[in-house]
Amino acid sequence: MLRRLLDAYIYSDTLSYRARMSNMTFLTSVGVSSLGLLFNIIISGTPAISILLAVMIVSSVIIFYISNRKGLQLAVSWGETILMNTVFLPLLIFFTGGLHSGNTAVPLMGMVVIVVVLRGNKRYLLLALTLLWYTLLEILSLSYPNAPIIGVETAALDENITFLYNVACMVLSVIFISALIVYQFSLYALARKRALELAERIDYRLRQQLMVSHISQSFLGKGDTGKKIQRALEALGEFLDASRVAIVKRGEDGTLCRPKCFWISSPEYELPEEGTLGGFDESVADIFPPVVPKSEAAMQIVCSNVETDRNGRFAAWLAVGIKAFVWVPLYIDGEYWGCLSVEDCAGPRDWSSIDSNLVSIIAFSIAGAISRNLMDIKLNDALEQALAGAQAKSEFLSNMSHEMRTPMTAIIGMSDIGLRAESILRKDYSFTKIQEASTHLLGVINDVLDISKIEAGKLELSSAEFIFEKTLQKVLNVANYQLLQKNQVLKVYCDPEIPYSLVGDDQHLAQVITNLLSNAIKFTPEGGVIEVNARFKGESAGLCDISISVKDNGIGMNEEQQALLFSAFQQADRSVSRRFGGTGLGLAISKSIVNLMGGDFDVSSSPGSGSVFCFNVLMPRGTQTFSVQDALEDYELPHKRALVVDDDPDTLEHFSMLAEELGLPCDEALSALEAVALIDKHGAYDLYFIDWRMPETDGLELSEKIRETSGSVPIIVMITAADWGSVADEAQRAGVNSVIQKPLFASSIIDSLTECLGSERRSLGDADAIPNFSDRTILLSEDVEINREIVLALLEPTGVAVDTAETGAQALASYTAAPEKYSLLLMDLQMPEMDGFEATRRIRAFELQNALPRRPIIAMTANVFREDVEKCLAAGMDQHLGKPIEPDELIRVLREYML
């Protein structure tokens with residue numbers, strides 16, 4: 001039995017250390033009291049003491065049994081046990097007969113309890129005090145053995161008084177014993193209360209942990225994050241018995257927006273219908289730090305009573321009926337995103353630390369869920385973009401394969417046809433087709449190089465002064481051939497307010513306009529109308545705002561197609577590349593160029609109604625100016641009469657407007673027949689501007705008739721949309737003095753007038769005549785044989801003598817051997833043994849060392865980016881020619897450096 005008692009209450013692993021020690025102390029006290037009872041009975045001690053000890057033992061055992069049955073192992077604490085066995089019990093024994101009357105077990109019982117319960121120096125101190133207390137009681141008992149009441153002699157008491165004294169002692173003993181029993185039962189009641197409270201706290205904590213665990217696990221699983229958060233708010237609100245729980249998101253302006261995710265316990269606590277949450281804009285804008293604080297003190301705000309809060313800090317909460325609240329911030333990626341608000345609208349509430357900590361735990365879980373959700377969205381978007389980009393690039397490569405193989409097939413095929421052809425005309429036809437296919441292939445390659453440059457962030461613009469109208473005119477002249485093939489009408493307006501000269505990158509500007517114009521021609525059916533408008537939008541901070549638009553009446557686009565316009569490797573309609581061709585890179589390149597020029601694109605379009613592409617650029621005004629009066633003051637235009645003949649009314653109207661600006665009186669005719677009638681009516685004119693292609697009688701026939709019938713020598717200027725070289729011979733035979741191309745510009749008309757009315761007349765083609773350099777020699781350095789043959793063929797018409805070198809070392813040796821022999825050096829960059837850069841540097845060092853004049857060195861390379869040009873100039877070269885070599889550009893360079 002003793003073994004079971006010890007196993008159950010002393011050695012059980014289910015009990016805490018403190019509970020086992022308390023049980024051991026209590027059982028020791030009971031054992032010692034039982035021993036004292038046994039000694040008292042054997043030695044025939046005082047009956048009152050025996051009764052007292054028996055009651056104490058029985059009551060203690062009962063209390064102990066009940067306490068342990070109820071799970072209240074801490075019913076009697078160590079201090080209470082020591083106090084009862086060392087102070088109260090000896091004092092009671094003293095009143096009922098003294099310690100000397102056979103109650104020697106009591107001091108032993110007290111000292112054993114102290115030894116068992118305590119450890120360290122406190123045990124010895126308490127033992128000494130207990131012995132001192134026992135000694136004092138024993139001295140008092142020995143001094144008055146028959147009358148424990150101090151100061152009263154026994155002899156002075158009679159039997160009645162002695163009886164009354166004994167009765168009083170017994171009553172006092174009963175009262176004391178009752179007090180001890182009541183005290184023990186009060187300890188039991190207190191322990192039970194504590195146990196119930198502990199059980200409630202344990203249950204609360206368990207339910208709290210289960211709820212937190214359930215919410216955390218739900219956030220880790222798949223599903224709608226918004227619904228999970230809503231369920232978490234509902235669980236939190238019901239657990240805390242709150243009125244309202246909400247997640248309030250911080251807006252971009254710092255204010256807290258009306259929550260979309262919230263829970264309310266009753267409809268009366270519904271949130272406001274409009275605006276922010278209770279108008280907290282100013283009150284809560286900076287309520288939490290913008291980034292995660294180092295101190296945890298700023299991680300929550302707890303208010304038990306909004307009305308009594310000091311300084312009215314939370315007065316705004318009263319506007320929405322909040323009486324008490326707990327706010328915990330939500331930090332996403334270290335930045336303040338919003339907060340979790342738990343509110344009580346019924347009245348003040350004393351939030352415990354457990355409550356506020358629970359809100360913080362749930363807020364942390366919700367913040368993690370929101371962060372993961374945002375990350376998932378970003379990852380999904382990135383994945384979609386990556387897949388879309390991969391698909392777009394795959395389609396681009398497929399399209400690019402088509403775009404490259406198509407001209408290559410033409411080049412290879414026409415080369416084979418040309419080699420086998422016996423007719424010169426057949427060979428010329430083959431060469432023409434090869435040239436067209438090669439030009440198209442070069443454009444595709446240039447697009448790929450440009451977009452690669454843009455994606456690498458290395459596209460840069462050069463800056464130089466240029467004449468805007470001439471740049472626009474060059475672009476339109478290049479497009480004329482395509483316009484003629486599709487019989488399309490091009491209308492052009494150039495705002496006279498645009499400065500004569502601007503400072504910027506005219507080549508890239510021309511590239512953008514060319515791309516838009518090419519697209520308009522491509523997507524506009526035959527006979528369609530295309531409009532190009534250049535307008536001056538104003539000047540600010542030294543920058544002129546130039547707006548250029550290209551309008552067509554082609555196939556048009558819907559909104560979805562417009563969204564893909566400026567994406568690299570994509571076309572608005574994937575079938576477009578098959579129907580119309582193209583790489584899909586042009587608009588992406590153009591947008592990047594325009595952005596670098598400080599402007600942007602604007603597109604308006606609808607399916608079947610055509611499109612309008614408009615962009616603007618910002619450029620400084622140039623220093624060059626032009627005055628019509630100064631240019632034409634010697635020709636007395638107001639005293640001359642002009643006749644313009646064209647079957648297009650718009651052309652007539654545009655020419656008349658330009659002629660009015662020039663101060664030239666002008667009549668109009670829509671046909672050759674009408675022109676002849678005006679000549680018969682008004683007599684011969686001084687100037688004739690005649691369209692080449694007209695119905696019934698074309699411009700050449702009309703020119704011949706005017707020459708035959710005119711008594712004077714009129715000036716005839718041919719207007720044509722075709723390349724002037726194709727009509728030059730016929731025009732000369734018909735007596736035409738000059739040719740200007742459509743669309744008409746004031747500058748082209750002025751150039752034609754100064755050419756025809758000036759003292760130095762030139763025949764057609766003289767301006768572009770190939771110069772004669774038969775008395776000069778140049779040095780060509782090129783390691784690829786076919787490239788040398790091409791350059792030699794291009795130089796052959798000039799009569800220049802050419803020495804060749806296949807490496808940079810050979811070029812250096814040839815030049816240093818006879819530097820006076822060469823007028824110019826053409827230098828390839830990538831050659832074996834010594835490249836063109838090193839050869840140039842050594843040539844320049846040789847010239848400097850020998851005080852020789854500097855010979856122009858022209859780079860020839862397929863590297864055409866800006867840094868490539870700058871690298872050539874830094875090495876000592878004078879000019880840069882990009883491969884493939886343009887014949888006209890090569891002749892221009894020879895003119896510039898050898899004439």
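**Close-up views of a predicted model**

The structure holds seven aromatic pairs; rings of Phe, Tyr and Trp (its six-membered ring) pair if their centres lie within 6.5 Å, with planes under 30 degrees apart counted as stacked, over 60 as edge-to-face and the rest as tilted. This is a predicted model, in which local features need pLDDT of at least 70 and side-chain atom pairs count only at pLDDT 80 or more, while totals for chains, interfaces and linings use all residues. Residues are numbered from 1 along each chain as its sequence is written, and side-chain values use heavy atoms, with hydrogens and water left out.

**View A. F601 and F615 form a tilted aromatic pair.** Their centres are 5.5 Å apart, with 40° between the planes. F601 lies in strand β11 (residues 601-605) and F615 in strand β12 (residues 611-620), so the pair ties together parts that are 14 residues apart in sequence. Helices (H or I, at least four residues) and strands (E, at least two) are DSSP runs, numbered from the N terminus. F601 is buried at a relative accessible area of 11%. F615 is also buried, at 1%. Buried means under 20% relative accessible area, exposed over 50%, and partly exposed in between (1.4 Å probe, protein chains only).

**View B. F655 and F689 form a tilted aromatic pair.** The distance is 4.7 Å centre to centre, and the planes are 50° apart. This pair links distant parts of the chain: F655 is in helix α18 (residues 649-662) and F689 in strand β15 (residues 687-691), 34 residues apart. Both F655 and F689 are buried.

**View C. Strand β5 (residues 335-344) is largely enclosed by the rest of the structure.** Nine of its ten residues are buried. Strand β1 (residues 244-249) pairs with β5 in the antiparallel sense over six bridges; two strands pair if DSSP finds at least two bridges between them. V248 stands opposite C339 in β5.

**View D. β4 and β5 form a hairpin.** Strand β4 (residues 324-332) pairs with β5 in the antiparallel sense over nine bridges. I332 has E335 in β5 as its bridge partner. Two residues lie between the strands. In the turn, D333 has a positive phi of about 55°.

**View E. The charged end of R693 sits over the ring of W692.** R693 is 4.9 Å from the ring centre. A charge sits over a ring if NZ of Lys or CZ of Arg is within 6 Å of the ring centre and within 35 degrees of the ring normal.

**View F. The charged end of K871 sits over the ring of F837.** Here the distance to the ring centre is 4.7 Å.
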